[in-house]
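Let's take a walk through this one and see how its parts meet. Have the model open as you read.

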Amino acid sequence: MKPTSILCLFLLLFVSHTNYAQTTVDDPEIKKMVAEVKSENMEATVRKLVSFGTRHTLSDTKSNTRGIGAAQRWVKSEFDKYALASNGRLTSVIDFFTIKADGRRIATDSQLGNVMATLKGTDPTDNRVLIISGHLDSRASDVMDAKSDAPGANDDASGVAAMMELARIMSQREFPFTLIFVAVVGEEQGLYGAKHLADVAKDGKWNVIAMINNDMIGNSLSSGTLLRDNTKVRVFSETIPFLETEAESKMRKSTNRDNDSPSRQLARYVKTVTNQYVEQLDINLVYRNDRFLRGGDHTPFSQNGFTAIRFCEMNENYDHQHQSVRKENNIQYGDLAEFMDFEYMKKVTCSNLATFSNLAWSPKAPTNVGIEVKDLTNFSTLVWTAPDGKSVYGYNILIRETSSQHWEKTIFVKDTKAEIPYSKDNFFFAVQAVDALGHSSLPIFPIPIR
């Protein structure tokens, strides 16, 4: 027998003996929901938000047709419409709070308000929470100009419209734990709305397993280079957690897990699920918390110790963001709806929906995930504890080379211990729980066990 034949036979016997399998299960309900995302719905939402003239955080709160107040009340009214199809599980509120003058972008003490819809879970014993956001406020060239038109079509009516489309579709289904859809304010003035919500979540000890921020997801044409690409979107994630303890720092350094923070695991999760459910959209994993000179509403959540990421278009057009509406040298400036690519925005929203719903139906993540390092061997043994709560069908062992951005191989097992023919010296691993429909928890990176 040829050596190659012997090797193939050995691998076949090994896989058969250990009951490993590599399977991908598509949930037909997620595929159905993805198909329900409508670009025309989101375009109508964007244009409605633009119609309020300006949504500057410090703009008019009394008018019914112009300013941040009118926009807040309209978003809440849309949430209330979605609530009619939720059997009473979706409720909405404008969460008002007072922010003190900061001497920078808040001139006087001001009352701000996040528009929030909460979809109550069906399992009273499951305290997990998922949050998805876009920011409602907009700005002109002068960040303190609360009077001039600031349409804010892409920045960030696009994120709000995507979040609202998820709320519309998901409120018609049941999920075991709480989902929060929120249009935050104060982003352009200093991330105040997101900071308020993140502080509320921390003070209330919410079990937020993931926060997804959508900020500028509707443009596919860059300024300057004039590159057009509607097949890629960036997902930003922090490397070292803001609240990393000394013990966690030592473990990170000893295992070289600099690219395996919880937020990085969420970003890779987005990539995996998007590849499964969304056609012609590639997730570009950006290994930094955000862009230079800019910030996003995921950051206050990261700073409070939560797992948070940001979706952002691949190619930004600086003529159409943070610009007063005007025409100079035959160039149209301003964040207008006419410059948006709503089919591109639809794909990014589908990615959000697939990710959010997969997580919302997932079992809890395994605990006490470890990798044995007591022996010198070219195999790796991983062990973990089954999570409580929702029934687990099995577990995915995720594998990638140490130089790879994303997971390259998956091995499915039924037990809570597995020996696999991959050296712990050459690969990174993680373990996630999976139910019978393929909904998977966030991956957990193993710690060494002697």
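How many residue pairs are in polar contact between domain 1 and domain 2? The count is 7, with both residues of a pair at pLDDT 80 or more; a polar contact here is a pair of N or O atoms within 3.5 Å, where, within protein, one must be able to donate a hydrogen and the other to accept it, and residues adjacent in sequence count only if both atoms are side-chain atoms.

A word on ground rules: this is a predicted model, so local features need pLDDT of at least 70 and side-chain atom pairs count only at pLDDT 80 or more, while totals for chains, interfaces and linings use all residues. Residues are numbered from 1 along each chain as its sequence is written, and side-chain values use heavy atoms, with hydrogens and water left out.

Now the layout. Domain 1 covers 28–361 and domain 2 covers 367–448, with bounds taken from an automatic or database domain assignment. Their C-alpha centres sit 31 Å apart. Where they touch (heavy atoms within 4.5 Å), domain 1 brings 18 residues and domain 2 brings 17.

About 1700 Å² is buried between the two domains, 60% of it from carbon and sulfur atoms; that's the accessible area (1.4 Å probe) the two parts lose on being put together, summed over both.

There's also 1 salt bridge between the domains, meaning a side-chain nitrogen of Lys or Arg within 4 Å of a carboxyl oxygen of Asp or Glu. Look at Arg400 and Asp260: they form a salt bridge, with their closest N and O atoms 2.8 Å apart.
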